[in-house]
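Me: I'd like to learn how to read a model like this one. Can we go through it together?

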Amino acid sequence: MRLKSIALAAVVGCLGLSVAVAQEGPQVQRQSQMKAVGGALGALGGIAKGEKPYEAATVTAALTTISTTMKAFPNQFPAGTESGSDSEAAPAVWQNPKDFHAKAEKLAAEADKLLAAVPADQAGVGAAMKTLGGTCGDCHQTYRMKK
């Protein structure tokens with residue numbers, strides 16, 4: 001009986017957490033997603049700069065995070081979420097959603113290409129960072145407000 005109570009409590013707790021996450025709203029979700037991408041790029045950057053040793057698992061995990069996150073990211077910008085939660089999203093996101101989605105898809109595709117042939121050393125990660133960084137910067141120039 002005690003085991004069933006513990007299991008039920010765990011299920012109820014998980015459901016409550018799911019509701020709490022869903023209630024965060026798209027602004028908080030997209031900020032969280034950008035932090036995840038930033039962390040992944042930071043891990044790759046550390047390897048590219050020689051500050052961290054090359055580890056294929058780290059590179060793969062970072063590229064997977066970028067790919068997965070960027071495939072879901074554009075969906076966090078529904079109409080009516082233009083402000084709030086210290087949003088850095090520029091109005092252009094909602095004015096030109098097709099281009100915004102295309103830029104996110106391009107970053108995901110670049111990460112997928114790199115996952116298909118994971119960079120094998122520090123130099124390869126450096127080259128990957130140039131590609132990914134350029135794609136990120138292209139989107140940020142248009143769709144992120146400068147502070």
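Reply: Leaving aside neighbours within four places in sequence, S67 is in contact with A108, A111, D112 and L115. This is a predicted model, where local features need pLDDT of at least 70, side-chain atom pairs count only at pLDDT 80 or more, and totals for chains, interfaces and linings use all residues. Residues are numbered from 1 along each chain as its sequence is written, and side-chain values use heavy atoms, with hydrogens and water left out.

Me: Is S67 buried or exposed?

Reply: Buried means under 20% relative accessible area, exposed over 50%, and partly exposed in between (1.4 Å probe, protein chains only). S67 has 4% relative accessibility, so S67 counts as buried. A123, by contrast, is exposed, with a relative accessible area of 59%.

Me: How do I read two packed helices?

Reply: They are described by the angle between their axes and the distance between the axes. Axes are lines fitted to C-alpha atoms, for helices over the stretch in contact, and angles run from 0 to 180 degrees between N-to-C directions. Helices are DSSP runs (H or I, at least four residues), numbered from the N terminus. Here, the axes of helix 2 (residues 26-48) and helix 3 (residues 56-72) come within 9 Å and cross at roughly 150 degrees. Angles over 145 degrees count as roughly antiparallel, so helix 2 and helix 3 are roughly antiparallel to each other.

Me: Which residues of helix 2 and helix 3 meet?

Reply: Among them are V37, L41 and L44 in helix 2, and V59, L63 and I66 in helix 3.

Conventions: Helices (H or I, at least four residues) and strands (E, at least two) are DSSP runs, numbered from the N terminus. Angles under 35 degrees count as roughly parallel, over 145 as roughly antiparallel, 65 to 115 as roughly perpendicular and the rest as oblique. Contact means heavy atoms within 4.5 Å.
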